[in-house]
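Open the model in a viewer and keep the selection panel at hand. The stops below go from pockets to a cavity and then to an annotated site.

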Amino acid sequence: MKRKGLMHGADYYPEQWLSRPDILKEDIRLMKLAHINTVTLGVFAWSALEPQEGVWDFTWLDQMMDTLYENHISVILATPSGARPAWLAKAYPEVLRVSEDRKRNLYGMRMNHCYTSPAYRRLVREIDERLAKRYGNHPALKAWHISNEYHGECHCPLCQNAFREFLREKYGTLEALNKAWWTGFWSKTFTDWEQIESPSSRGEMALQGLTLDWKRFVTKQTVDFMRREIETVRAYAPSVPVTTNMIGSFIEVDYPKMAPWLDVAALDCYPQWGGGPDYEIAMDAGFEYDVTRSLKKSPFWLLETTPSLTNWPAVGKPKGPGIHVAGCLQAIAHGSDSVQYFQWRKSRGGYEKFHGAVVGHYGHEHTRVFRETARLGEILENLGEIEGTKTISQTALLYDWNNRWAIEGAKGPRQDKFYEETIREHYRALRRYGVNVDVIDEEQSLEGYRLIAAPMLYLVKEELPQRLMQFVQAGGVLLLTYFSGITDENDLCFQGGFPGPLGELAGVWAEELDLLYPQERGGFCCTGESLPGEGRWSCRDYCEVIHAREADVEACYTSGWYAGMPALTRHRIGKGEVWYLAARAENDFLLLLYGRLLERAGAAYIPGGLPKGVTLCTRCGQKERYLFYTNWNGQPVTVEMPEGEEMLRTGEAKGEQGSMDPLETVILKQKLQ
């Protein structure tokens with residue numbers, strides 16, 4: 001059974017209820033009421049499948065797979081490597097991670113295993129192989145869910161040796177490594193590979209090259225561990241897609257390095273609704289969705305979200321009425337083909353017994369959470385034709401894990417660099433114009449884009465400047481900002497001035513970087529012909545003092561010792577142009593700027609932008625286009641919408657097309673020309 005349409009489901013843990021067959025039977029009834037068509041099984045089931053080493057029990061899983069199939073519910077079956085049994089840790093202590101202070105962890109929690117350990121790899125392969133042999137051809141199986149939220153690092157002797165091998169392969173000689181890490185500073189030159197240790201609070205923490213390479217090594221080990229799991233299940237079920245649940249912009253693992261091994265990119269996302277304006281929270285969640293979708297530039301799966309609340313923040317606030325439907329449809333709008341929950345039924349005990357679930361401790365359907373979940377399930381059934389439709393983007397935001405690691409690891413020029421906040425400010429400004437936005441790293445293709453924004457491109461990989469030059473010469477518009485072109489991929493500062501290899505593109509050179517205190521504000525005004533008006537704008541945190549070489553000056557500072565010097569420039573190259581924003585400008589200016597950049601790039605956008613608090617995402621099939629409008633304001637709004645067949649609206653607003661209730665989503669279907 002390979003169901004078509006959007007998936008609606010949850011993580012399901014029947015192994016917790018094997019002594020209660022009445023509950024397992026009731027779960028099936030409730031799943032049908034909630035319009036659940038897919039569940040994820042086995043994520044943390046290792047001890048239920050192998051209670052002792054070499055002692056196997058698949059009886060309960062056999063019965064559950066068959067029962068779900070008989071009730072037309074598909075299964076995403078997980079490999080259980082994310083949480084190993086107590087017997088395994090006792091018999092093979094090498095599987096327990098060693099922390100950066102060189103202390104080996106005790107057994108406990110989850111994701112606490114060494115990816116390098118031969119024993120763990122062997123035991124994981126054995127259970128994965130048994131699962132694949134037994135269920136690879138089961139008609140209920142829809143996909144493999146590989147492990148769980150890969151993250152973390154191990155500093156054990158096995159990992160230290162593997163790290164040194166990684167460095168030998170990368171650099172070849174210690175001379176090349178010492179040069180790349182600039183070890184002459186503070187007398188850190190290495191003369192033997194065995195002298196190299198991973199970063200530690202008890203040892204070396206000041207070599208940025210070492211720290212960057214360690215993070216790259218951790219990604220390599222993570223990907224290699226995941227790849228071996230994928231190879232095991234594919235050997236017995238080659239046609240079943242594989243995925244794993246990532247965490248959007250999570251910093252620990254370089255997700256673009258994981259993506260090529262997956263058939264579908266997937267994530268877990270838990271927006272903290274109620275912790276701020278709904279529109280801002282929706283935008284932050286949208287960024288996470290776009291990060292994940294852009295990994296493969298195809299529809300992704302939302303594998304975990306909550307139908308109500310989470311148990312781990314300072315305040316586990318439930319979603320208010322209407323938020324669940326609006327928030328989950330937002331994931332669909334950004335390109336997801338699924339809405340899956342953690343979890344189906346609340347546990348009686350354990351760490352997440354107060355985490356949200358479709359079915360709470362009360363055990364019945366007569367709750368607001370269940371009703372809203374069922375309502376969403378019905379809506380998703382009516383949207384089945386959207387499955388597989390693509391998100392076409394003419395605009396991209398450059399966001400690279402290595403760049404972020406390097407910025408956050410740099411000691412200065414200020415301790416809080418505001419990189420993540422800045423990325424999201426630019427993202428929100430672009431989204432106000434109703435454009436889809438891809439979020440790509442420095443190595444992904446630039447083909448098909450008209451506008452690329454690259455805020456704070458501090459670390460520049462070797463081939464990127466040439467690729468950006470080709471993009472601009474062919475007619476693209478590129479935005480660069482302050483604190484760009486500072487270091488190479490080893491975090492070594494470029495010589496000859498900043499923005500280093502991006503200087504030819506920008507047509508400027510940066511003399512100094514003025515860092516403002518939190519209470520300080522700078523200012524600038526537009527002076528060129530490309531931006532309308534003579535308005536004065538504020539800036540904060542960063543004011544880069546730049547000189548225009550070949551670039552035209554579009555705005556100048558009005559404060560500081562650099563008053564009168566350029567704050568914004570435009571450099572025409574070939575058929576395109578490069579803009580350089582030298583200050584961290586206020587959000588209203590970013591909105592003005594991106595409107596002009598989209599116009600100059602020839603991108604399709606909404607002139608003047610969407611009403612504040614309204615989002616728009618577009619998905620395209622071969623013959624149709626689907627436009628998702630959502631009103632995140634606390635009051636009704638009227639939105640100018642194009643002509644099209646009204647496919648669905650989730651609110652009850654009456655009157656002319658375009659009137660929207662709070663938290664209403666309107667989906668318009670248009671025929672493509």
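Select the lining of the second largest pocket and colour it by class: 20 residues are nonpolar, 10 polar and seven charged. In this scheme Ala, Val, Leu, Ile, Met, Phe, Trp, Tyr, Cys and Pro are nonpolar, Asp, Glu, Lys and Arg are charged, and the others, Gly among them, are polar. The model is predicted: local features need pLDDT of at least 70 and side-chain atom pairs pLDDT 80 or more, while totals for chains, interfaces and linings use all residues. Residues are numbered from 1 along each chain as its sequence is written, and side-chain values use heavy atoms, with hydrogens and water left out.

The second largest pocket has 37 lining residues; to find its centre, select A206, L207, Q208, G209 and D491, which lie nearest to that point. Its volume is about 960 Å³. Pockets and cavities are found on a 1 Å grid over the protein atoms alone: a cavity is a set of points where a 1.4 Å probe fits but cannot get out, a pocket is an open set with protein on both sides within 12 Å along at least five of seven lines, and lining residues have an atom within 4 Å of a point. Grid points are joined across faces, edges and corners, and a volume is the space filled by probe spheres set on the points.

Next, show the helices α7 (174–181), α8 and α13 (401–409), the elements that give two or more residues to the lining of the second largest pocket. The largest share, six residues, comes from α8. Helices (H or I, at least four residues) and strands (E, at least two) are DSSP runs, numbered from the N terminus.

Move to the largest pocket, with a volume of about 1200 Å³. Of its 38 lining residues, select F44, R110, E149, Y351 and E352, the closest to the centre. Elements giving two or more residues to this lining are α2 (46–49), β7 (266–268) and α10 (278–296). Helix α10 gives the most, four residues. By class, the lining of the largest pocket has 19 nonpolar, 10 polar and nine charged residues.

How many cavities of 30 Å³ or more does a search of the whole structure find? There are six. The largest cavity has a volume of about 70 Å³. It is lined by 13 residues, of which Y115, E153, C154, C159 and Q221 are closest to the centre. Show helix α8 (208–234) again: with five residues, α8 gives the most to the lining of this cavity. The lining of the largest cavity divides into six nonpolar, five polar and two charged residues.

For the last stop, select C114, C154, C156 and C159, where an unreviewed UniProt entry places the feature "binding site". These residues are spread over 46 residues of sequence but cluster in space, with a largest C-alpha distance of 8.0 Å. Among them, C154 and C159 belong to the lining of the largest cavity. UniProt positions are given in the numbering used here, feature names are shortened, and annotations may be inferred rather than shown by experiment.

Centre on C156, in the loop between β4 (141–145) and α6 (157–171). Is C156 buried or exposed? C156 is buried, at a relative accessible area of 1%; buried means under 20%, exposed over 50% and partly exposed in between (1.4 Å probe, protein chains only). Apart from neighbours within four places in sequence, C156 is in contact with V98, R104 and C114, contact meaning heavy atoms within 4.5 Å.

Finish on C159, in helix α6. C159 is buried, with 4% relative accessibility. Leaving out neighbours within four places in sequence, the contacts of C159 are C114, T116, C154 and F217.
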